[in-house]
Every structure is written in structure tokens, then in C-alpha cells.
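Biologist: I would like a close look at the aromatic rings in this model. Please take me through them slowly.

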Amino acid sequence: MTGEPRIGDVFGELLRDALAVQSGVGARPLAGGRLPRPVIEVIERDDGLINGAPAAHYLAGPEDWQPYDHRAVDRVRGETLDVGVGAGRIALLLQERGVPVTGLDTSLGALKVCRRRGVRDLVHGTVDEHVADGRRYDTFLLLGNNLGLIEGRDRAPAFLAALAALARPGAQVIAHGTDPYGTSDPVHTGYHERNRRLGRLGGQLRLRLRYRELGTEWFDYLVCSVAELADLVRGTPWRLADVDDRDAPYYLATLTLTG
């Protein structure tokens, strides 16, 4: 016993169990030996902060979405790549609307849940790996705060270049982000300052996910202001064309392909 979690497909396992609890089909984690218990995603930050969030929101239908999710899907046009498809909530609605949508995720377990829920077109891998498949898209979705997949200054150019390599002329990226700097909580403001001293963006999180006995490797996930996003996009094949901040501190950023 080391006290450390076993590395595994945390996201896939928790989505599988969340679907079982929601649907009543399949093995479910039990509390007290009988009753299904809520599936909780544990998020551990590298300074020791631990948060937990119910996983049921990954399965939520449109009636339970936030307003910015609805505004995001209303902007979709053409062949669409849902990056970080998760349990497929966005892809399923787009399919119902007749939009040709592909779900991309690095979690095999998540893709299995998507398939069980009816998402038809799924790809396992990163955006960089998907470039080799020769597919091209008109819209890229980074919803569910998945602007964070940019990770930080070091990763942003390659990530945005991969999206450009997958893009048709005139393509757009619709990304959901959160401005992290409105807080006065010293737990967070102190973390921002520590990051800056290390040469990182203030909201560049170093995280791992945990569920039951499983954990992920540590990874970077970016929470940034609109101004920081504009700096990251500068010099890439994309330009920041629009920001919808009606639900601040949450925002939708639309990037359009230049040239």
C-alpha cells in the first residue's frame, strides 16, 4: 500500500458508473450495501487543494444546461468536431438537429459511454493524432470549460496548429472558458501568484482526477482571462473574433481561421 491511486481511465470509469446510476442498468457503486450512491469526480490540485463534483452533469439533457451551452450550439455550422466529447451530451443534441458531428476523446471508457447513449461518430485520441486521419471540419467545440485543453503558453501553439490542420477554410472554434481572477479567496489568489512566480499563467492549473481507487497522471489545464486568451491566439492561424461574456465569469470565445 503506497497511499497513491492506481493510474487508470478515471473519466471513463466515473462516466460508466454515473450512467449506471442514472439508468438503473449495469453495476452501480453502492452505499451501505444496497443503495446507489452519487458518483463524485475528485479534482486534486498540485498545492493540495481537493474539490469534488457530482458526475451527473456530464449526462445532463439540454433542459438542465447553462444558457451559454445553448448559445454555443446555436452557433454551430457544418462538419463539427466535439473535442473532449465526454459522455456525449452536446453531440447527441447536434445529431438530433441533423448536424454531422464527430466526438473526440482520449478516454476509451468515455467513448464507450457515448456509444451506449447513441453517439454515432467517435474518435479515440488527441487533436494532434487526429490530424493524420485526414478529416476536415467547419466547427470545433471546446465546451464544458474545455478551453482548458490549451493547457498554457507552451502547449497553445501546437494545439491551435493541430486544429488549423483539421480545419476547412473559414472554420471556427467555439470555446467555453472561465475568468479565474474575480475571486478574493486567498486559496486561489495565492495559487495565481505562485504560478506567476514560476513563469506560468496565473490560472494554469496542475491537476489530477481521482475516482475510487483510480487516478490520472498530473496534467495542466488552463483557466484564463479573455486578455490572456487573446495573447495566446496571437501569431497562430486563428484570431479571436468574438467574446460572449453575458454569464461572466464564464464566457464563450469564438476563434476564426485566418487566411
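Modeller: What follows is a short walk through the aromatic pairs and the charges over rings. This is a predicted model: local features need pLDDT of at least 70, side-chain atom pairs count only at pLDDT 80 or more, and totals for chains, interfaces and linings use all residues. Residues are numbered from 1 along each chain as its sequence is written, and side-chain values use heavy atoms, with hydrogens and water left out.

A pair of aromatic rings is described by the distance of the centres and the angle of the planes. Here, rings of Phe, Tyr and Trp (its six-membered ring) pair if their centres lie within 6.5 Å; planes under 30 degrees apart are stacked, over 60 edge-to-face, and the rest tilted. The count is five aromatic pairs. Take Y137 and F140: their ring centres are 5.9 Å apart and their planes meet at 65 degrees, so this pair is edge-to-face. Y137 and F140 are both buried (under 20% relative accessible area; exposed is over 50%, partly exposed in between, with a 1.4 Å probe and protein chains only). Together with W238, Y137 and F140 make up one aromatic cluster.

Next come the charges. A charge sits over a ring if NZ of Lys or CZ of Arg is within 6 Å of the ring centre and within 35 degrees of the ring normal. The charged end of R45 lies over the ring of Y191, 3.9 Å from its centre. R89 has its charged end over the ring of W65, 5.1 Å from the centre.
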